[in-house]
Amino acid sequence: MTGTSARFLTLSDAADTLAETVFVKPMEGYIRRLLWALVHLGVIPLDAANDPWGPPLDPQEFERVGRTLAALAPVTQECL
């Protein structure tokens, strides 16, 4: 392994961690979870994070998405 392989592996692990938070049962809720990630990142307001066709999700999942992103922030910032 040469070049930026360590950076790639770190970011790959971060992507896997986020996927383990977003792509969980009910799987159809992934759209709302991704919208919630955008809310936590400051891209969209909370009232725009609406998936009218998705299943209802526990509000605690919103917090879990936020905690995951917060935990990943130092790792991803270091690599970017």
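This is a predicted model: local features need pLDDT of at least 70, side-chain atom pairs count only at pLDDT 80 or more; totals for chains, interfaces and linings use all residues.
The protein chain has three helices and zero strands, and along the sequence the pattern reads α-α-α. Helix α1 covers residues 5-22 and helix α2 residues 30-40, while helix α3 takes in residues 59-79. The C-alpha trace spans about 45 × 25 × 15 Å along its principal axes. Of the 80 residues, 29% count as buried. The accessible surface comes to about 5,500 Å², and 61% of that area belongs to carbon and sulfur atoms. Among contacts with a separation of 6 or more, 56% are made by residues 24 or more positions apart.

Just after α2, Gly42 takes a positive phi of about 80°.

The largest nonpolar core consists of six residues, namely Leu35, Trp36, Val39, Ala49, Leu57 and Phe62. Helix α2 gives the most to this core, with three residues.

The aromatic side chains come next. A pair of aromatic rings is described by the distance of the centres and the angle of the planes. The structure holds two such pairs. Phe23 and Tyr30 form a tilted pair, with 5.6 Å from centre to centre and 35° between the planes. Phe23 counts as partly exposed because its relative accessibility is 41%, which lies between the 20% and 50% cut-offs. Tyr30 has a relative accessible area of 33% and is therefore also partly exposed.

The other pair is made by Trp36 and Phe62. Their ring centres are 5.5 Å apart and the planes stand at 90°, so this pair is edge-to-face. Trp36 belongs to helix α2 and Phe62 to helix α3, so the pair ties together parts that are 26 residues apart in sequence. Trp36 has a relative accessibility of 8% and therefore counts as buried. Phe62, at 17%, is buried because its value is under 20%.

Not counting residues up to four places away in sequence, Glu61 touches Val24, Arg33 and Trp36.

Phe23, Met27, Tyr30, Ile31 and Leu34 make a nonpolar patch of about 420 Å². Phe23 and Tyr30, the two partners of the tilted pair, are thus part of this patch because both have over 30% relative accessible area, as a patch residue must. Met27 is placed in the loop between α1 and α2. With a relative accessible area of 41%, Met27 is partly exposed.

How values were computed:
Residues are numbered from 1 along each chain as its sequence is written. Side-chain values use heavy atoms; hydrogens and water are left out. Patches are made of residues with over 30% relative accessible area and no salt bridge: like charges are joined within 9 Å, nonpolar side chains (Val, Leu, Ile, Met, Phe, Trp, Tyr) within 5 Å. Accessible areas come from the Shrake-Rupley method with a 1.4 Å probe; for residues, only the protein chains shown count as cover. A salt bridge is a side-chain nitrogen of Lys or Arg within 4 Å of a carboxyl oxygen of Asp or Glu. Helices (H or I, at least four residues) and strands (E, at least two) are DSSP runs, numbered from the N terminus. Buried means under 20% relative accessible area, exposed over 50%, partly exposed in between (1.4 Å probe, protein chains only). Rings of Phe, Tyr and Trp (its six-membered ring) pair if their centres lie within 6.5 Å; planes under 30 degrees apart count as stacked, over 60 as edge-to-face and the rest as tilted. Contact means heavy atoms within 4.5 Å. A nonpolar core is a set of buried Ala, Val, Leu, Ile, Met, Phe, Trp, Tyr and Cys residues joined through side-chain atoms within 4.5 Å.
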